[in-house]
There are 2 protein chains.
Amino acid sequence: MSTTAPGGIRLSLREVEDLTFRALAGSGVGEVQNRAVTASVVDAEAEGVHSHGLARLPTYCEHARVGKIDGRATPTLSRPAPGLVRVDAADGFAHPAIDLGLPVLAGTARRQGIAALAVTNSYNCGVVGYHVRRIAAEGLLALGFVNAPASMAPVGGTVPVFGTNPLAFAVPRPGADPLVLDQSSSVVAKSEIVLHRQRGEPIPLGWALDRDGRPTTDPAAALDGGTMVPAGGHKGAGLALMVEILAAWVTGACLSMDASSFADNTGGPPRTGQFFIAVAPSPLTGEAAGPRLARLLGAIAEQPGARLPGDRRAAARLRTAAEGITVPAALLARIEGYAKA
Amino acid sequence: MSTTAPGGIRLSLREVEDLTFRALAGSGVGEVQNRAVTASVVDAEAEGVHSHGLARLPTYCEHARVGKIDGRATPTLSRPAPGLVRVDAADGFAHPAIDLGLPVLAGTARRQGIAALAVTNSYNCGVVGYHVRRIAAEGLLALGFVNAPASMAPVGGTVPVFGTNPLAFAVPRPGADPLVLDQSSSVVAKSEIVLHRQRGEPIPLGWALDRDGRPTTDPAAALDGGTMVPAGGHKGAGLALMVEILAAWVTGACLSMDASSFADNTGGPPRTGQFFIAVAPSPLTGEAAGPRLARLLGAIAEQPGARLPGDRRAAARLRTAAEGITVPAALLARIEGYAKA
């Protein structure tokens with residue numbers, strides 16, 4: 001049962017699931033599509049990634065209502081080559097498209113040793129790490145590349161060409177959850193800046209530039225014609241270009257600079273893309289693969305002050321399973337509004 | 001003909017090739033192996049990447065002489081799965097191993113849509129971009145991951161776990177050379193710091209830490225027990241881990257923390273690894289793929305102050321083809337010594 005807590009209302013993950021499903025159903029999203037998206041929203045809240053959890057849900061509902069997302073789209077799968085799987089999301093959510101392609105990707109990678117899944121004409125897929133983790137849960141190494149509406153300029157320029165274009169990687173660990181790396185090409189994910197604006201808080205210098213290319217601490221200046229700063233300068237911009245080519249150009253999706261916003265209600269479906277590569281490690285790793293991986297990861301984890309990627313999310317998973325999450329009362333009321341509509 | 005020039009002796013690229021081949025032959029490197037390595041040294045000089053050109057050659061010669069490289073090793077190829085190619089470099093140079101695997105990788109990727117090449121028990125492969133560019137010249141998208149002896153600690157730690165672990169990406173461009181991205185996981189490649197030490201110049205703050213984890217401008221402090229700084233903090237360290245898992249763990253090569261140095265004569269063969277993924281884009285990209293790519297790249301190149309990855313190397317290629325390169329007299333004399341020995 002939900003209870004009042006400091007900062008909002010406490011919900012169990014089961015309640016998050018129920019709430020999310022009802023809000024999406026109330027926005028016309030079909031049942032199969034809804035289950036796929038709801039699972040990812042619950043998972044984001046479970047991992048403490050609030051920006052892709054309930055905080056994002058009103059936008060999903062709005063976009064399903066105004067047709068930026070076709071909430072009842074049926075994705076279609078094709079096999080353009082023995083190692084390639086292609087799924088056209090048909091302007092729907094990315095989640096049901098990835099759900100359709102993932103088992104085919106996994107089966108192909110196990111047979112061939114490597115395979116790729118190209119998802120096109122899809123909407124925001126939420127946390128990329130969620131999808132590569134599911135591939136790794138099939139015993140496969142996974143790489144994920146995702147484009148997004150342009151918000152990042154090349155270094156030295158001021159016109160956005162790239163989305164924050166995240167890259168994710170996951171590797172199965174014997175006897176443990178997969179290790180998941182999930183990072184945007186920008187210093188921070190754009191959703192972090194949106195969250196700061198919602199809270200009325202300034203952003204640290206170095207996260208974003210204003211529309212004239214000057215560093216800013218104002219989240220509104222960053223979001224209103226400004227650009228995101230690439231992580232590590234040219235290196236982050238280089239990664240963004242690599243992600244763009246794989247996730248948008250290869251998949252035949254909209255380039256980031258052509259995609260409509262994930263934030264407002266205008267411009268029709270964004271038609272972005274996702275590209276995943278799965279590799280079966282066992283034909284290559286040779287003997288003692290498990291202990292070798294454990295030794296590598298241990299050499300990081302054992303250093304005081306260092307941590308493995310995903311450690312915070314894993315800790316959040318334990319905490320939220322026991323304690324649930326806290327959602328601001330106003331957000332909860334807004335979501336309930338979509339559920340009842 | 002070589003001529004005296006400011007800063008050293010001017011050599012044509014043909015003279016660089018002849019000199020390199022003779023120096024490696026004088027160090028006991030077999031002809032096939034020698035041709036593979038020489039081509040990469042010439043290419044590095046052609047692109048202005050001196051750190052992996054003639055400046056690196058004395059180390060190659062030393063290592064072939066002391067047995068850190070088996071200059072006559074014959075790599076062996078196996079096919080552990082329909083989409084996977086594995087080459088054991090048998091403690092030899094990486095170059096002949098990659099040369100053996102590359103056509104098989106390319107043929108497999110064209111048939112299957114995607115394929116991977118895992119090279120194990122190999123030495124430094126030089127510029128990773130050189131290898132992905134050759135894959136892209138076959139009409140394929142290419143990703144390359146390479147590990148190296150540990151020189152970078154996880155963020156917050158002081159014990160090196162990763163090499164500077166570069167990642168490279170190449171995409172074929174119709175009517176132009178492939179676009180090549182080639183970047184280390186560290187702020188700069190370690191060879192840049194070696195070059196500064198050779199020249200007696202300080203390094204900028206932010207490139208490296210000393211053995212106590214403090215920022216340093218002294219290249220010797222960086223190289224003598226210090227560590228490289230990952231690009232973009234946690235993000236660069238995350239990429240280094242991803243590269244480590246693909247290039248070392250998947251291939252069955254030495255982890256970076258177990259590999260002997262690429263710089264000194266001790267410790268036997270480093271037995272590092274390289275991992276390449278090749279994707280055939282045409283089954284996926286759909287119509288107007290060429291113009292779409294040109295539009296994306298144009299949106300970067302047309303912004304004043306911005307540039308495409310690889311632009312400097314392409315400009316160097318034109319310049320060195322016409323003018324040759326300049327090699328310091330002392331380095332030239334040293335290399336001639338290996339050639340005559």
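Visitor: Where should I start with a predicted model, and what pLDDT does chain A average?

Guide: Start with confidence. Where pLDDT is low, the predicted coordinates should not be read in detail. Here chain A averages a pLDDT of 95, and 100% of the residues score at least 70. For the complex, the predictor gives an ipTM of 0.96 and a pTM of 0.97.

Visitor: Which rotation superposes chain B on chain A?

Guide: The idea is to look at the angle and the shift together. A rotation of 180° does it, with 0.0 Å of shift along its axis and an RMSD of 0.0 Å. The two copies are thus related as by a two-fold rotation axis. In chain B, the C-alpha nearest that axis belongs to Gly232(B), 2.0 Å from it. The two copies also use the same surface, since 100% of the contact residues of chain B recur in chain A.

Visitor: Now burial, please. How many residues of helix α5 of chain B are buried?

Guide: A residue counts as buried under 20% relative accessible area. Helix α5 of chain B, residues 128-136, is mostly covered, with 8 of its 9 residues buried. Among them are Val128(B), Tyr130(B), His131(B) and Arg133(B).

Visitor: Arg133(B) is a charged residue in that list. Which side chain does Arg133(B) meet in a salt bridge?

Guide: The partner is Asp43(B), at 2.5 Å from N to O. Arg133(B) sits in helix α5 and Asp43(B) in helix α2 of chain B, so the pair ties together parts that are 90 residues apart in sequence. Arg133(B) is buried at a relative accessible area of 17%, and Asp43(B) is buried too, at 11%. Turning to chain A, salt bridges that share partners join Asp43(A), Glu47(A), Arg133(A), Asp182(A), Arg313(A) and Arg317(A) into one network.

Visitor: How many salt bridges does the structure hold?

Guide: Over all chains there are 34. One of the pairs is Arg313(A) with Asp182(A), whose closest N and O atoms are 3.2 Å apart. Arg313(A) belongs to helix α11 (residues 311-323) and Asp182(A) to strand β8 (residues 176-183) of chain A, so this bridge ties together parts 131 residues apart in sequence. Arg313(A) is partly exposed at 24% relative accessibility, and Asp182(A) is partly exposed at 21%.

Visitor: What does Glu336(B) form a salt bridge with?

Guide: With Arg22(B), the closest N and O atoms being 3.2 Å apart. This pair links distant parts of the chain: Glu336(B) is in helix α12 (residues 329-340) and Arg22(B) in helix α1 (residues 13-25) of chain B, 314 residues apart. Glu336(B) is partly exposed at 21% relative accessible area, as is Arg22(B) at 30%.

Visitor: What about a buried charge without such a partner? How far from Glu45(B) is the nearest side chain of opposite charge?

Guide: For a case like this, look up the nearest opposite charge and then the polar contacts. Glu45(B) lies in helix α2 of chain B, residues 31-46. Glu45(B) is buried yet has no salt bridge, and the nearest side chain of opposite charge, Arg319(B), is 8.8 Å away. The side chain of Glu45(B) does have a polar contact of 2.9 Å with that of His50(B). Beyond four places in sequence, Glu45(B) touches residues including Leu13(B), Val16(B), Leu54(B), Thr320(B) and Ile325(B).

Visitor: Where is the place of Val29(B)?

Guide: Val29(B) is in the loop between α1 and α2 of chain B. At 4% relative accessibility, Val29(B) counts as buried. Its contacts, again beyond four places in sequence, include Leu24(B), Asn34(B), Ala64(B) and Phe93(B). Sequence and space can also be set side by side: Val29(B) and Cys61(B) are 32 residues apart in sequence and 8.4 Å apart from C-alpha to C-alpha.

Notes: Residues numbered from 1 in each chain as written. Chains lettered and ligands numbered in written order. Predicted model: local features only at pLDDT ≥ 70, side-chain atom pairs only at ≥ 80, totals over all residues. Heavy atoms only, no water. Buried < 20%, exposed > 50% of the residue type's maximum accessible area, 1.4 Å probe, protein only. Helix = DSSP H or I, 4+ residues; strand = E, 2+ residues; numbered from the N terminus. pLDDT = per-residue confidence, 0-100. Lys, Arg positive; Asp, Glu negative; His and termini not counted. Salt bridge = Lys/Arg side-chain N within 4 Å of Asp/Glu carboxyl O. Polar contact = N/O pair within 3.5 Å; in protein donor to acceptor, adjacent residues only side chain to side chain. Contact = heavy atoms within 4.5 Å. Least-squares fit on C-alpha atoms with pLDDT ≥ 70 in both.
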